[in-house]
Amino acid sequence: MKKKTACECGGSLRSQIIKAFDFSAYCGFPLTITSVPGFVCSSCHSETIEGGTVNMVLNNLVLRITASKVRVSGAEAKFLRRALAITQSELADRMGIVRETVAKWECGEQPISAQHDFILRA
């Protein structure tokens, strides 16, 4: 039996390919994914995607960031730290630095050094 899916507004969700989905809330920086399977509400027209799709995109994003030739931004450093499921203090301890340095990267107050960028990607 097919389970009926309902939106928070009370409308019904229907399967649809979403042309452009704002993924920023999931990763912490501006990112739009395109042509992704998801659901659209028949009443409020809100769009959502399944958890499996979210996990797949997050895993691919980790791979893209770590393979990039550009030094990671503060938001990307925060994303990678969260993907590791560790605190700023734990990351700082692993890297041999103080927590405040990690906090400065993440808020954009200080760029990450080339050495620490390399360590974070590893």
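The legends below describe several close-up views of a predicted model. Local features are described where pLDDT is at least 70, side-chain atom pairs count only at pLDDT 80 or more, and totals for chains, interfaces and linings use all residues. Residues are numbered from 1 along each chain as its sequence is written, and side-chain values use heavy atoms, with hydrogens and water left out.

View 1. Helix α4 covers residues 88-95, and its buried residues are Q88, L91, A92 and M95; here helices (H or I, at least four residues) and strands (E, at least two) are DSSP runs, numbered from the N terminus. Buried means under 20% relative accessible area, exposed means over 50%, and partly exposed lies in between, with a 1.4 Å probe and protein chains only. Seen down the axis of α4, the buried residues fall within an arc of 100 degrees, so they line one face of the helix; the arc is that of the directions from the helix axis to the C-beta atoms. An α-helix has 3.6 residues a turn, so residues three or four places apart point the same way. The exposed residues D93 and R94 are carried on the face of α4 turned away from its buried side.

View 2. The buried residues of α4 pack against α3 (74-83), α5 (99-106) and α6 (114-121), where contact means heavy atoms within 4.5 Å. After α4 comes G96, which has a positive phi, near 75 degrees.

**View 3. H116 lies in helix α6.** This histidine, H116, belongs to α6 and counts as buried, at 17% relative accessibility. Leaving aside residues up to four places away in sequence, H116 touches M95, I97 and W105.

**View 4. G28 sits in a loop.** The loop that holds G28 runs between α1 (24-27) and β2 (32-41), and G28 counts as exposed because its relative accessibility is 56%. Although G28 and E76 are 48 residues apart in sequence, they are 8.0 Å apart in space, C-alpha to C-alpha.

View 5. C7 is in no disulfide, since its nearest cysteine sulfur, that of C41, is 3.7 Å away; C7 is buried, with a relative accessible area of 15%. For C44, the closest cysteine sulfur is also in C41, at 3.7 Å, which is too far for a bond, and C44 is partly exposed, with a relative accessible area of 39%.

Key
A disulfide is a pair of cysteine sulfur atoms within 2.5 Å.
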